[in-house]
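Please have the sequence and the structure at hand.

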Amino acid sequence: MLLPDLRGDRHTHRVSNLNGLGENGDFSCELHTSTRKLRGRYGIKECAFYDRLKVLWLEPVKFYGRSYLSACQIRLLDFFDSCLEETKSLGNGAEATGSYSMAIDLMVERGVDMCPCPPNEQYLQKQKDAAISRSKADQGVCEGVRRNGVKANPVTELMRCHGLMGKTSEDKLIPDCIFELPKSQLALFLSRLFATDGWASVGNSSRASVEIGFCSASRLLVEQIQRLLLRFGINGSVSRKNKVNAWVYSIRVSSMILKFAEEIGIYGKEEALQKVVKVAEQRATSKQVPKWRTKDAPEGTAWEKVVSVRRLEDEDDTVAIEVPGHNTFLTSFYEHNTFLAACLVLWWVLAVGGLAITTAPTKRQVIELLWGEIRRTHKRLDLPGELIQTKLTLTEEARAFGFTASDTNSNAFQGVHHPRLLVIEDEACGISQDIDEGASSCATGAQNRFLRIGNPIEPGGAFEKACKQKHIRIPVWNHPNVAWAYEQEPDGEHRLKPAVRPQIIGEDGEVLPPDQWPDSCPRDAIPGAVSITWIEEARAKYGEGSAYWQSRVCGLFPEDSTQSIVPRTWFMAARARYDADPEHWQKQSIAHSFRLGLDVGDGADSHALSRWQGPLLWSARSIPTKGDQEDVTRAAGLAIAVLKDIKTRSVAAQLNRLNPDKPHQGSVTVDRGGVGAGAHALLKEQGYPSTGVHWGEAARDSAQFLNAKAEDYWALREACRKNEIAIAPLGQYEDELMEDLAGTYWEMTSVGKIKIEDKAKTRKRLKRSPDLGDAVALGFRQPRLRDGSFSHTPISYA
């Protein structure tokens, strides 16, 4: 029998609309045909069509929103269809799985190679570009020739001259020459710049908010706009919009808006700007009050202009001065934020005569940190009032106290009200949402104040939400110990100045001891505070993009928590590795059998299943439980269905000659603690390879890990950190799995062992159980080789 050529040739064809990539048939690539048209040709339902593709291991390619099969794949599908018809004539009339197998056997008997050339998206794009070039040539358009035939596009040359050519949206910046323009030309530039991604808007509420703003994906560009407008005396704020991953410059103060409208303007948006100006003028007129420098001033007070400022030779104490309504102060010393909060508590009680309440995540933090500073300062200055451990009393009205609230006690602040109330949350990043909301519900009076202080360590909590509304950020670059040595570079990061680096960095790349620095380099103004050595060690150890660097150095909430078992950035990197080279990772997985991880739900949680093959996570999915007696059976059935599919795939593996004498085998790993024991028993009873693991039992490395769960999760974490694994597209479950792994935190026990936090904490953070994360960790647990043997130590896939 003469067999059809199932591989096809790689060449371009000019064809009609039927096989074209576009509806008008402008171009085509190797006779690729959309799967939608093929279903119509065969006259079968979509599910049956994709069942055929699955049996033949045919993968359509996604291209411009549609999926296609190549000519060689179509010929293979046609031949399969004819073989399927022959099996029906043998008495098996239904299109069942059995007839599919018989059709495959018939194809193999006739010598068909079951490994057709797959569609190639890059080749499709290349062919499309070639077709477009031919179309242009047919129209008399010569590519590569400038339109005027002599001069290059002046805009292109200008962009290239100022280093702006080829920049992505995140890399946009204002060229250096703009900063040297006179104010008149600078105003013209800003007016046109705001005409692009800028706006002037008035809110819809009765007390309409007004705003002039500019948005960009480039943080550097937005901060440059902020600095340029400062030349006009216009001050605005820069904030990040996480939902759209962009940065926004905003002007909301009426006086600043009026100055912007007068000196800058927005080209092409004059009408919108006038509406904003009208509201701003009304507000400026209605809120005219006596200026602070003349209001209630003593008779005979005279004000003089500050002519000069000089540094005092002696380190004399200075006084902090608060200006009513402006919240500004003058000081010549730097202190830790906890000390400033302690001074604020004392001032609130002794000067304001109000009630001050402080709280912190732990008892130690309440007693030793904030109230430790209060006790020391109170004693050193011999201040009035009775002070015991965490309570200060001047009068019944003027007093302060501190307490630790339980994470789950939402009524901790219940009934606390005072006309002059001050609430302070120390180490606010560890304060739960419930406690923060309880405190906020008390500080509702006109004379009530709320202060949250802490490091932006953990994203997504109450502290971050409050900081998005209003905050003062103090990165290390502002500290006098290091400010002199660093400068911000075009990518937004602060690094040592070129003139400073060779003076303080040794040949080994580490910071020299301060006593080896030249006399021109200042020493630490505040011993024990942040230092250049600490910054550079953090840069080398954690990296500039790490969560540690963002929170501890830059004062920004990180995208990931340092305690995440698999941070989001690591997960996304594993996904990107697969997309960059799917063929490489598929080859890496061939030497290994499939491993399934099954997490059995208990009625409230879902069943979850993962499918690994060597270093590649192929799939992860979950199904809800019903809380009846059949849940355990459903969980086992979920794994059995995939094992049967793997068995079918093992036949295909033989057919495409990957390794005929070592077929793929599948095995299941189940946490047999609790309801998982029933699913494990069912799998074993029906003859399927199942390994029961009790995550509560001792780890193989009991010196480092508290239990088997911590050891299994840590192995997964290390494989992600070392770039040893890849994750295939997971569809609708991808985001859920990423959040499960990022929302599961690891901890250290009192004896230094690694453990996974109690699931109750994870549930509270995720608002659900991390079922997919558990299934993935179980599936990764025991890599199994093609010969059936297990590796009881982590396998390196590098």
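The points below cover the basis of the model, the sheet and the cores.

The model is predicted, with local features requiring pLDDT of at least 70 and side-chain atom pairs counting only at pLDDT 80 or more, while totals for chains, interfaces and linings use all residues. Residues are numbered from 1 along each chain as its sequence is written, and side-chain values use heavy atoms, leaving out hydrogens and water.

**Sheet**

- Six strands form an open sheet of mixed pairing, in the order E20-E19-E16-E17-E18-E21.
- Strands (E, at least two residues) and helices (H or I, at least four) are DSSP runs numbered from the N terminus, and two strands pair if DSSP finds at least two bridges between them.
- Strand E20 (690-693) and strand E21 (726-727) are at the edges with a single partner strand each, so one side of each has no neighbour in the sheet.
- Strand E19 (residues 666-671) runs parallel to E20 and is joined to E20 by four bridges.
- Asp-671 is opposite Val-693 in E20.

**Nonpolar cores**

- A nonpolar core is a set of buried (under 20% relative accessible area, 1.4 Å probe, protein chains only) Ala, Val, Leu, Ile, Met, Phe, Trp, Tyr and Cys residues joined through side-chain atoms within 4.5 Å.
- The largest core has 35 residues, of which Phe-571, Leu-716 and Leu-737 touch the most other members.
- Helix H22 (708-721) is among the elements giving two or more residues to this core, and its seven residues are the largest share.
- Another core, of 31 residues, lies apart and includes Ala-187, Leu-190, Phe-214 and Val-222.

Definitions and conventions
Buried < 20%, exposed > 50% of the residue type's maximum accessible area, 1.4 Å probe, protein only.
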